[in-house]
Amino acid sequence: RTSFGIPSHRRPSDLRRCLGALTLQTRAADEVVVVLRGDDTETVDVAGEFRDALQGLRMACVSEPGLVAAINRGLDCATGDFIVLTDDDAEAFRDWLERMEAVFLSDPAIGAVGGRDWIQNSVLSEPPMVERVGVMTWWGMQYGNHHCHLRGHTKKVDFLKGVNFAIRSSALGSYRVDTSLRGTGAQVGTELDLCSHLKHAGFEIVFDDRILVKHYASPRPDCEGKTDARVEQRLQSGVFSDIRFNNQYLTAKHFNLFMSLASLCNGLLAGSYYSPGVLASVKYTLKGDTGIWRRFLQQAGWVLAGFGAGRSARRASTAVNAGRQ
């Protein structure tokens, strides 16, 4: 038995396309849970259009904003042996669920399965062939590449992408996405949190680029132009501080002290234009950016806060597990 969890908020056209694709699956879903806000009548109306075509469809309301609360609500409501998570702006290929289920059934040690999201824009419509997907390095750097063709098609990975992601319910158990993750809307880190938990529990995470969805994603904040006004707007919104806190928090929570410290040092020393470390700050100072050091100091505090909170969470989890033994 397989369940779908689809968080959606005020994107009726996207949701209609997503649910329409599920009606065409070669292996029909047993249950579809659309997670929505109670006042979102547009989403309610669209989901209602598919009650006959998707006989296992139901709606689950969540009052708290953000992706974390929506995913956890979907996980709580889903009753399947396998729970497929996707975004409302995804359109699955016809054999999507059939391929996912086949991977799960091939090996009980597999805790999560995911695939490629074919991003529907001119920049990424023809992604390269890669050998590295879903990798977390020993110094805490994340390499996604989930939109790319994978050499050999299938690989065991460290984490998947939430738009194309399925979990074995018995492997996940009662674990839910950590509510300490910060941000509003699409909160960063939900997939890494779930996958890291599964890996530490002894389960494997598998990526197969033939498990495919079209992803009509909006541009990411760090892919847009680098004008001073846009940088200032995003800094004021806190999006980059939230990302840096969450990434550092999850590394410190799920991994050992050596890797946590390596990730901390990498975050403070390296960085990028939007999330600068010392080296990036020096680089862009030489290019005439007078505001880079202010951004560095602003975000360095969140890196340190994430490290401290993550280590505290790890100690608390270790104490709980010791008490159960």
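**Entry 1. Pocket lining**

I sorted the lining of the second largest pocket and found four nonpolar, seven polar and three charged residues. In this sorting Ala, Val, Leu, Ile, Met, Phe, Trp, Tyr, Cys and Pro are nonpolar, Asp, Glu, Lys and Arg are charged, and the others, Gly among them, are polar. I note that the model is predicted, that local features need pLDDT of at least 70 and side-chain atom pairs pLDDT 80 or more, and that totals for chains, interfaces and linings use all residues. Residues are numbered from 1 along each chain as its sequence is written, and side-chain values use heavy atoms, with hydrogens and water left out.

The second largest pocket holds about 560 Å³ of space, a volume being the space filled by probe spheres set on grid points joined across faces, edges and corners. Its lining comprises 14 residues, and Tyr175, His197, Lys253, Ser317 and Asn321 are the closest to the centre. For the term itself, I used a 1 Å grid over the protein atoms alone: a pocket is an open set of points where a 1.4 Å probe fits, with protein on both sides within 12 Å along at least five of seven lines, and lining residues have an atom within 4 Å of a point.

I then looked up the elements that give two or more residues to this lining: helix H6 (190-200), helix H8 (239-254) and helix H11 (292-324). H11 gives the most, with seven residues. Helices (H or I, at least four residues) and strands (E, at least two) are DSSP runs numbered from the N terminus.

**Entry 2. Salt bridges**

I counted 21 salt bridges, each a side-chain nitrogen of Lys or Arg within 4 Å of a carboxyl oxygen of Asp or Glu.

Asp14 and Arg17 form one at 2.5 Å, N to O. Both lie in helix H1 (residues 12-22), three residues apart, about one turn of the helix. Asp14 is buried at 17% relative accessible area, whereas Arg17 is partly exposed at 25%; the classes are buried under 20%, exposed over 50% and partly exposed in between, with a 1.4 Å probe and protein chains only. Asp14 and Arg17 also belong to a salt-bridge network with Arg11, Asp88 and Asp89.

Which residue pairs with Glu31 in a salt bridge? I found Arg58, with the closest N and O atoms 2.9 Å apart. This pair links strand E2 (residues 31-36) to strand E3 (residues 57-61), 27 residues apart in the chain. Glu31 is buried at 4% relative accessibility, and Arg58 is partly exposed at 32%.
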